[in-house]
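These are my notebook entries on one structure, written for a reader who is new to it. I set down what I looked up, entry by entry.

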Amino acid sequence: MAKAILKGLIEEGADARLLHLRSNHRSDIIEEMLDAGHSTGSPTLNNGMFPTMGDFLTYLRGLRPKGKIFGLFGSHGWEEER
């Protein structure tokens, strides 16, 4: 899903990048976000957020960024219907 969103943003002329929490330190990603304002997203794990994303959002919340709009997205289409 993230790659599809990235592709759409680039096709519309946005300067967008995909940064993985596994290979980029959260401080580096936050710096990118505060400079430009990016969306963040995460797959799910056992019907919940990946622990690395939870850690990242907790860190971001503590910084209390002002004047920025962030969009969050995720996908859990594999979950069985209830």
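Surface. I looked up the accessible surface of the chain and found about 6,500 Å², with 52% of that area belonging to carbon and sulfur atoms; such areas come from the Shrake-Rupley method with a 1.4 Å probe, and for residues only the protein chains shown count as cover. I note that this is a predicted model, in which local features need pLDDT of at least 70 and side-chain atom pairs count only at pLDDT 80 or more, while totals for chains, interfaces and linings use all residues. Residues are numbered from 1 along each chain as its sequence is written, and side-chain values use heavy atoms, with hydrogens and water left out.

I then asked what share of the 82 residues of the chain counts as buried. I found 15%, where buried means under 20% relative accessible area, exposed means over 50% and partly exposed lies in between, with a 1.4 Å probe and protein chains only. I also looked at contacts, meaning heavy atoms within 4.5 Å: among those in the chain with a separation of 6 or more, 62% are between residues 24 or more positions apart.

Secondary structure. I counted three helices and three strands in the chain, and reading along the sequence I wrote down the pattern α-α-β-β-α-β. Helices (H or I, at least four residues) and strands (E, at least two) are DSSP runs, numbered from the N terminus.

Helix α3. I took helix α3, residues 51-63, and noted that its 13 residues reach 19 Å from the first C-alpha to the last, close to the 18 Å expected at 1.5 Å a residue; the expected span is 1.5 Å times one less than the number of residues. Which residues of α3 are buried? I found M53, F56 and L60, and they sit on the same side of α3 because they cover an arc of only 60° around the axis, the arc being that of the directions from the helix axis to the C-beta atoms. On the face of α3 turned away from this buried side I found the exposed residues P51, R61 and G62.

Helix α2. In helix α2, residues 26-36, I found I29, I30 and M33 buried. Seen down the axis of α2, these buried residues fall within an arc of 100°, so they line one face of the helix.

Between α2 and α3. I looked at I29, which lies in helix α2 and is buried with a relative accessible area of 7%, and at F56, which lies in helix α3 and is buried with a relative accessible area of 1%. The two are 27 residues apart in sequence and 9.2 Å apart in space, C-alpha to C-alpha. Leaving out residues up to four places away in sequence, I29 touches L19, H20, L21, N24 and F56. For I30, I noted L57 at 9.7 Å, C-alpha to C-alpha, and 27 residues away in sequence, and L63 with its C-alpha 9.4 Å away and 33 residues apart along the chain.

Where does R64 lie? I placed R64 in the loop between α3 and β3, the latter being residues 72-75, and found that R64 counts as exposed at 65% relative accessibility. Phi of R64 is near 45°, a positive value in a residue other than glycine. For background, most residues other than glycine have a negative phi.

Rings. I searched the whole structure for aromatic pairs and found zero; rings of Phe, Tyr and Trp (its six-membered ring) pair if their centres lie within 6.5 Å, with planes under 30 degrees apart counted as stacked, over 60 as edge-to-face and the rest as tilted. I did find R26 over the face of Y59, at 4.2 Å from the ring centre, where a charge sits over a ring if NZ of Lys or CZ of Arg is within 6 Å of the ring centre and within 35 degrees of the ring normal.
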